[in-house]
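User: Could you take me through some helices and charged pairs in this one? I'll have the model open while we talk.
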Amino acid sequence: MSQHQHAVDCYEHQLTLAKQLDNPILVTKAYGCLGIVHRNMKNSLHYHQLLLSTALHLKENTAQQANAYANLGDYQTAIANHEHNLVLAQRAQNAITEMRALSSLGRAHRGLGNLTQALQYFLQQLKLANSMSDEYTEAECYADIGGINMLLGDYGSALDAFSHQLQLARSLEDSFSEALAACGLGEVHIRLGNYQEAVDYHKLDLRISISHGLRDGEARALGDIAQTYETIGEYKYAIEYREKQLSVAELLGDNFTKALAFIGLGKIHIKLNDVLRSVTLLKQALSLIVDQSAQEQTQVEIEVEAKIRFYLGQAFYLQGHYEPSLV
């Protein structure tokens with residue numbers, strides 16, 4: 001059993017106990033945690049919805065409730081709730097709660113695409129964390145700041161932020177944050193066209209993840225390495241790392257990552273003019289994303305399905321035929 005499944009089991013046990021105690025606050029906390037840790041997106045959304053329906057019976061406006069709105073895509077309601085929590089925290093001079101509210105506001109604005117506004121909230125959080133000598137929160141802030149600056153195209157600031165995160169993570173011996181920092185640095189170097197540096201940082205991410213048993217990080221790093229090799233036309237290595245990513249995803253029972261691995265392999269085989277193999281791989285990805293028994297898909301699943309159908313369209317065009325059942 002993976003550490004991830006152990007976490008799910010613990011939260012499910014917590015939920016059972018909370019219900020036995022008839023404690024709605026503990027129930028909402030359990031729902032929120034289950035919503036975060038579930039790999040299956042529909043299960044995740046289900047628990048966030050349960051959190052909100054339970055929280056409506058509580059008079060207090062919790063940060064977890066606001067985060068549930070954000071996880072369900074209702075960013076405006078999430079922002080209103082987080083702004084209320086921020087004011088309360090500032091009045092109470094509760095710096096820890098204030099930092100959490102600033103972080104949540106940054107992430108909600110990022111979800112809406114308000115990147116400049118999101119950056120300001122993360123910078124405020126960083127300033128507060130620095131004043132409290134809270135290096136763990138500083139590392140988290142630098143991760144968020146690096147990601148926003150990368151999206152804004154300010155690659156110099158992104159590299160600086162991820163480098164600060166990497167330095168802090170190493171001093172704190174925080175392998176999870178260290179792996180994410182290496183991943184972030186790799187992503188920035190890809191955008192700068194520094195492909196060898198990108199591979200080096202993604203392989204650092206991979207080594208850290210493997211050495212500390214971070215299987216999700218391992219799958220992520222394998223996919224990033226494969227994507228970098230594909231970008232520079234090193235298809236042999238790209239296939240090798242995609243297949244490794246697929247193996248890890250299968251061990252984790254992570255169908256979404258399996259689908260991403262199949263998409264990556266399908267793209268590579270299109271470039272290799274192995275169209276029949278590409279179609280087979282992309283159909284496998286589609287079968288993992290499209291759940292015929294489900295009444296609706298998540299936004300991310302819709303986006304991934306659209307991507308799969310785009311590549312299938314390319315493959316069928318090159319093959320010279322068309323299958324109506326796949327569009």
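Analyst: One place to begin is Arg107, which is partly exposed at a relative accessible area of 39%, where partly exposed lies between buried (under 20% relative accessible area) and exposed (over 50%), computed with a 1.4 Å probe on protein chains only. Please keep in mind that this is a predicted model, in which local features need pLDDT of at least 70 and side-chain atom pairs count only at pLDDT 80 or more, while totals for chains, interfaces and linings use all residues. Residues are numbered from 1 along each chain as its sequence is written, and side-chain values use heavy atoms, with hydrogens and water left out.

User: Which residue does Arg107 form a salt bridge with?
Analyst: Arg107 forms a salt bridge (a side-chain nitrogen of Lys or Arg within 4 Å of a carboxyl oxygen of Asp or Glu) with Asp144, and the closest N and O atoms are 3.1 Å apart. Because Arg107 lies in helix α6 and Asp144 in helix α8 (residues 135–152), the pair ties together parts that are 37 residues apart in sequence. Helices here are DSSP runs of H or I with at least four residues, numbered from the N terminus.

User: And Asp144, buried or exposed?
Analyst: Asp144 is buried, with a relative accessible area of 9%.

User: OK, what about α6, how many residues does it have?
Analyst: Helix α6 covers residues 95–112, which is 18 residues, and reaches 26 Å from its first C-alpha to its last, close to the 26 Å expected at 1.5 Å a residue; that expected span is 1.5 Å times one less than the number of residues. Several α6 residues are buried, including Met99, Leu102, Leu105 and His109.

User: What caps its N-terminal end?
Analyst: Asn94 does, with a side-chain oxygen 3.3 Å from the backbone nitrogen of Ile96. Just after α6, Gly113 takes a positive phi of about 90 degrees.

User: Back to salt bridges: how many are there by that rule?
Analyst: The count comes to nine. One of them joins Arg215 and Glu218, with the closest N and O atoms 2.8 Å apart, and these residues are three apart in helix α12 (residues 215–231), separated by about one helical turn. Arg215 is partly exposed at 31% relative accessibility, whereas Glu218 is buried at 12%.

User: Which residue does Glu240 pair with?
Analyst: Glu240 forms a salt bridge with Lys244, the closest N and O atoms being 3.3 Å apart. The two are four residues apart in helix α13 (residues 235–252), again about one helical turn.

Terms used: A polar contact is a pair of N or O atoms within 3.5 Å; within protein, one must be able to donate a hydrogen and the other to accept it, and residues adjacent in sequence count only if both atoms are side-chain atoms.
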